[in-house]
Amino acid sequence: IEDAMDLTDASEDAVLAAQLRCERGELARASGDSAAAARFLAEAADIYRRMGAARHLASIEKKLAALRA
């Protein structure tokens, strides 16, 4: 996933960049690394916010809230 993230950063594919960060966040959460999960999900939320993707943003914000609970 890291290699794919590097490629999306270089190509400026915002949708894929956000999706990959969501996946990294979910993997981190599943492995018990809440700090990394929150970081990756926050990055995805920021990308979705800049894109105006409200539905995706709302979904990520719910996941972030669950991590903080």
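The largest nonpolar core of this predicted model has 12 residues, namely Ala-17, Ala-18, Cys-22, Leu-41, Ala-44, Ala-45, Ile-47, Tyr-48, Ala-53, Leu-57, Ile-60 and Leu-64. A nonpolar core is here a set of buried Ala, Val, Leu, Ile, Met, Phe, Trp, Tyr and Cys residues joined through side-chain atoms within 4.5 Å, where buried stands for under 20% relative accessible area, exposed for over 50% and partly exposed for the range in between (1.4 Å probe, protein chains only). At least two residues of this core are supplied by each of helix H2 (14-30), helix H3 (34-51) and helix H4 (54-68), and the largest share, 5 residues, comes from H3. Helices are DSSP runs (H or I, at least four residues), numbered from the N terminus.

Because the model is predicted, local features need pLDDT of at least 70 and side-chain atom pairs count only at pLDDT 80 or more, whereas totals for chains, interfaces and linings use all residues. Residues are numbered from 1 along each chain as its sequence is written, and side-chain values use heavy atoms, with hydrogens and water left out.

Turning to charged groups, the count comes to 6 salt bridges, a salt bridge being a side-chain nitrogen of Lys or Arg within 4 Å of a carboxyl oxygen of Asp or Glu. Three of them are listed below.

| Salt bridge | N to O distance |
|---|---|
| Glu-43 and Arg-21 | 3.1 Å |
| Arg-50 and Asp-46 | 3.1 Å |
| Glu-61 and Arg-49 | 3.4 Å |

Glu-43 lies in helix H3 and Arg-21 in helix H2, so this pair ties together parts that are 22 residues apart in sequence. Of these two partners, Arg-21 is buried, with a relative accessible area of 9%, while Glu-43 counts as partly exposed at 30%.

Arg-50 and Asp-46 are both in helix H3, 4 residues apart, and are therefore separated by about one helical turn; Arg-50 is exposed at 63% relative accessibility, and Asp-46 is partly exposed at 33%. The pair of Glu-61, in helix H4, and Arg-49, in helix H3, ties together parts that are 12 residues apart in sequence, with Glu-61 partly exposed at 37% and Arg-49 partly exposed at 45%. Asp-46, Arg-49, Arg-50 and Glu-61 are linked in a network of salt bridges.

Arg-39 lies over the face of Phe-40, at 4.7 Å from the ring centre, under a rule that asks for NZ of Lys or CZ of Arg within 6 Å of the ring centre and within 35 degrees of the ring normal.
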